[in-house]
Amino acid sequence: EGMIRAIRELADKTDHLIVLNSRAIPLLRRAYGVTTERISVIPHGTPNVVPARRPIVRKKLGIEAQTALTTFGLISPGKGLEFAIDAVARVAASHPTLHYYILGATHPNIIRQSGELYRDHLKKRAADAGIEGRVHFVDRYLSLSDLTDWLLATDVYVTPYLNANQIVSGTLAYAVAAGKSVISTPYLHAQELLSDGRGLLTPFRDADAMASNIAFLLDNPARKTDMERRAWAFGRTSQWSEVAQRYAEVFESILTAGRQYSAEDKVFKSRFTYAS
């Protein structure tokens, strides 16, 4: 209730709002009374990657002979990683080069609450399924350079997240911008970002369906290549330079619509809110 009240107060005091996902617009309109004219959609910014470096990166990481399925980000139970592990177990025998890399440190809040209990649970899950040698944990914060390398090395990216209302995922945005084929549960950001053939949606908490989707992509290279091409083309619009230009255009349009700059206090009178 306090969060709802705070957002309403922000919306009332804001001249213009920027959202990262168009699915936020109906929510802002219904719940907070924000008119569509006061909202702009600008995608989550993403780094530029150089696909030609992929063979070099795969050799550096020692995975030239592998088919790499990856997930990255701060590890927490809401990520649904156990379902991805179960899915890998179901296709491991028919895809002997498939390896799953879980990249990233455990979320600090989870560490404070329960230590590495969730990560240990995931390791046990892989061991119980007989694929402990096919599931790898890169347990550290990744620099942007390291992250870009892993994305280049990736064959299929997966986000098995459990929160249907998750409206933004930076990790998903990065993977799409890197031109990866993506399999994801249908949370709000994935619904938008993976539309038009840019990825496959798989039901929540359904390892069997996820396994089928993984096998489908690996067994249909033409479909996988087409998905990567579509993702790469879409990702050109979310590079940081493009996103910065979009923000500048929005700022300029609001200022030229009648907002004034105060020489006395050296601040813009126009107010902006960034809503993810």
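How many salt bridges does the count come to? The count comes to 16. A salt bridge here is a side-chain nitrogen of Lys or Arg within 4 Å of a carboxyl oxygen of Asp or Glu. Bear in mind that this is a predicted model: local features need pLDDT of at least 70, side-chain atom pairs count only at pLDDT 80 or more, and totals for chains, interfaces and linings use all residues. Residues are numbered from 1 along each chain as its sequence is written, and side-chain values use heavy atoms, with hydrogens and water left out.

Start with Asp149 and Lys60. Their side chains meet in a salt bridge (2.4 Å, N to O). Asp149 lies in helix 7 and Lys60 in helix 3, so the pair ties together parts that are 89 residues apart in sequence. Helices (H or I, at least four residues) and strands (E, at least two) are DSSP runs, numbered from the N terminus. Asp149 is buried, with a relative accessible area of 3%. Lys60 is exposed, at 55%. Buried means under 20% relative accessible area, exposed over 50%, and partly exposed in between (1.4 Å probe, protein chains only).

Now look at helix 7 itself, residues 144–153. Seven of its 10 residues are buried, so helix 7 is largely enclosed by the rest of the structure. Trp150 and Leu151 are among the buried ones. The cover includes helix 3 (54–61), helix 8 (170–177) and strands 3, 4, 5 and 6.

Six strands form an open sheet in the order 5-4-3-6-7-8, with parallel pairing. Strand 5 (135–138) and strand 8 (200–201) stand at the edges, each with a single partner strand, so one side of each has no neighbour in the sheet. Two strands pair if DSSP finds at least two bridges between them.

Strand 3 (67–72) pairs with strand 4 (residues 98–103) over six bridges. Thr71 stands opposite Ile102 there. Strand 3 also pairs with strand 6 (residues 156–159), over two bridges. Leu69 has Val156 as its bridge partner. Further along, strand 4 pairs with strand 5 over four bridges, and Tyr100 stands opposite Val135.

Is strand 3 covered on one face or on both faces? Both are covered: Thr67, Leu69 and Thr71 are buried on one side, and Ala68, Thr70 and Phe72 on the other. In a regular strand the side chains alternate between the two faces of the sheet.

Strand 3, helix 4 and strand 4 make a right-handed β-α-β unit. Right-handed means that, with the strands pointing away from the viewer, the path from the first strand over the helix to the second runs clockwise. Ser76 lies in the loop between strand 3 and helix 4. Ser76 counts as buried, at 16% relative accessibility.

Helix 4 spans residues 81–91 and holds Glu82. Glu82 is buried yet has no salt bridge; Arg125, the nearest side chain of opposite charge, is 5.3 Å away. In this scheme Lys and Arg count as positive and Asp and Glu as negative, while His and the chain ends are not counted. What does the side chain of Glu82 make a polar contact with? Its partner is the side chain of Tyr118, at 2.5 Å. A polar contact is a pair of N or O atoms within 3.5 Å; within protein, one must be able to donate a hydrogen and the other to accept it, and residues adjacent in sequence count only if both atoms are side-chain atoms.

Note on methods
Contact = heavy atoms within 4.5 Å.
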